[in-house]
Amino acid sequence: MQLSHREITVRLASPFRISRSTTSEATLIEVTIEAAGAVGYGEAAPQARYDESVESAQAFLDEARALLGGDPFALDGIARRLASIPGEMAAKSAVDAALYDLCGKLAGVPVWRLLGHDRLGPQTSWTVWLGDPDDMASRAAEAAPNFARLKLKLGGRDGLDVDRVRAVRAATDRPLMVDVNEYWTLDEALDSVPRLAELGVEYVEQPLPAGDEGGAALRDASPLPIYVDEDCHTLKDVAACAARAHGVNLKLTKSGGIREAVRMAHAARALGLGVMLGCMIETGLGIAAGCQVAPLCDYVDLDGNLLLAEDPWRGVEFVDGVQRPSELVGLGVVREGG
Ligand code: MG
């Protein structure tokens, strides 16, 4: 198999602010794998939070070339060989997606059929990035007609997080969830979560820093389900998350791809956990990979490509609030203008 990769920069329609950073563009890596006359595509969104960079991901991909072997369907063996290089989960997920795209094309079926999954998952939420309460309320009201659910980014560290939710609640009846991105202490969480419950919030994502020792106490005291994201990367994390959360947020960028995310979803079910699927700022190529796993999940937050000024890939369609994967073979995406 032949692997190549290239950097692409995508611009957001408007800057995106969360507790730890503000972003107006993102650099992604497009991965191409060729075998038996077919071409598969995948995309990496390296995460500084997890010590990844565009450079480190590209260095991994250069090393990965020699580890692929000749059979794109030998996914377990390829993953075992790639796991000999630590980290670089975003780049691993791009290889995994490109291999699934390739396998689907060679088999003549969409990836979701190859996996035996339903085509459609739940409706996606729209992410309302962190801002002042009034500003978040006006952006939420603007998005509400098009999205079935809204996910509010909190963690302002200014004592206004509950006010943010109250302002949004007054502006729309849409189901709300919040994501604190690790920015509350246990005391803040114990104080805020019951107030969010009164405002009808459905669940709270990653209120505490990953690994915070207050996780179990918050889980036991919380009137709302707690979902973890930064705490849960791969299959080996899922059991420990059951002690500190009611659900896990899977992302292909963290798991290293579709194959591990499917295993995580089943492990989470065995432990009685809820399952959510998230994404990063990605194009329609990255989101297409996420769509293949979405039917296994209770909640889906796959709005990454919808935040872009221009999406270079078409195939995933936003229909009735659902990010619907194509019925074409593989991941079913085609380059815009291609
Ligand atoms: Mg999150």
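1. Strands here are DSSP runs (E, at least two residues), as helices are (H or I, at least four residues), numbered from the N terminus. This is a predicted model, in which local features need pLDDT of at least 70 and side-chain atom pairs count only at pLDDT 80 or more, while totals for chains, interfaces and linings use all residues. Residues are numbered from 1 along each chain as its sequence is written, and side-chain values use heavy atoms, with hydrogens and water left out.

2. Ile33 stands opposite Gly40 in S3. Strand S3 (residues 38-44) has six of its seven residues buried, so the rest of the structure largely encloses it. Buried means under 20% relative accessible area, exposed means over 50%, and partly exposed is in between (1.4 Å probe, protein chains only).

3. Leaving aside residues up to four places away in sequence, Ile33 touches Met1, Gln2, Leu3, Ala38, Val39, Gly40, Leu68, Val95, Ala98, Leu99 and Leu102, where contact means heavy atoms within 4.5 Å. Ile33 and Leu196 are the residues with the most contacts inside the largest nonpolar core, which has 102 residues. Helix H3 (residues 89-107) gives the most to this core, with nine residues. At least three residues come from each of domain 1 (2-108) and domain 2 (114-335). A nonpolar core is a set of buried Ala, Val, Leu, Ile, Met, Phe, Trp, Tyr and Cys residues joined through side-chain atoms within 4.5 Å.

4. On the domains themselves: the assignment for the protein chain gives domain 1 (2-108) and domain 2 (114-335), with bounds that come from an automatic or database domain assignment. Their C-alpha centres lie 22 Å apart. The contact takes 39 residues from domain 1 and 43 residues from domain 2.

5. Next, the open sheet. Its eight strands follow the order S4-S5-S6-S7-S8-S9-S10-S11, with parallel pairing. At the edges are strand S4 (125-128) and strand S11 (299-300), each pairing on one side only. Strand S5 (residues 149-153) and strand S6 (residues 176-179) pair in the parallel sense over four bridges, and Lys151 has Met177 in S6 as its bridge partner. Helix H6 (residues 161-171) packs on the sheet, touching S5 and S6, and its direction makes about 155 degrees with that of S6. Axes are lines fitted to C-alpha atoms, for helices over the stretch in contact, and angles run from 0 to 180 degrees between N-to-C directions.

6. Helix H5 (residues 133-143) is worth a glance too. Its buried residues are Pro133, Met136, Ala137, Arg139, Ala140 and Ala143. Among the elements covering them are S4, S5 and H6.

7. S8 and S9 pair in the parallel sense over two bridges, and the partner of Tyr227 in S9 is Gly247. Val248 has a relative accessible area of 0%. Not counting residues up to four places away in sequence, Val248 touches Tyr227, Val228, Cys232, Cys241, Ala268, Leu273, Gly274, Val275 and Met276.

8. Finally, the metal. The magnesium ion has Asp179 (OD), Glu205 (OE) and Asp229 (OD) as its protein donors, lying 2.0 to 2.3 Å from it. In sequence, these donor residues are spaced D-x25-E-x23-D. Glu205 in strand S7 (residues 204-205) and Asp229 in the loop between strand S8 (226-228) and helix H9 (235-241) are 24 residues apart and link distant parts of the chain. Glu205 is buried at a relative accessible area of 0%, and Asp229 counts as buried at 1%.

Notes:
Donors = N, O, S within 2.8 Å, 3.2 Å for Na, K, Ca; no water. Pairing = 2+ DSSP bridges.
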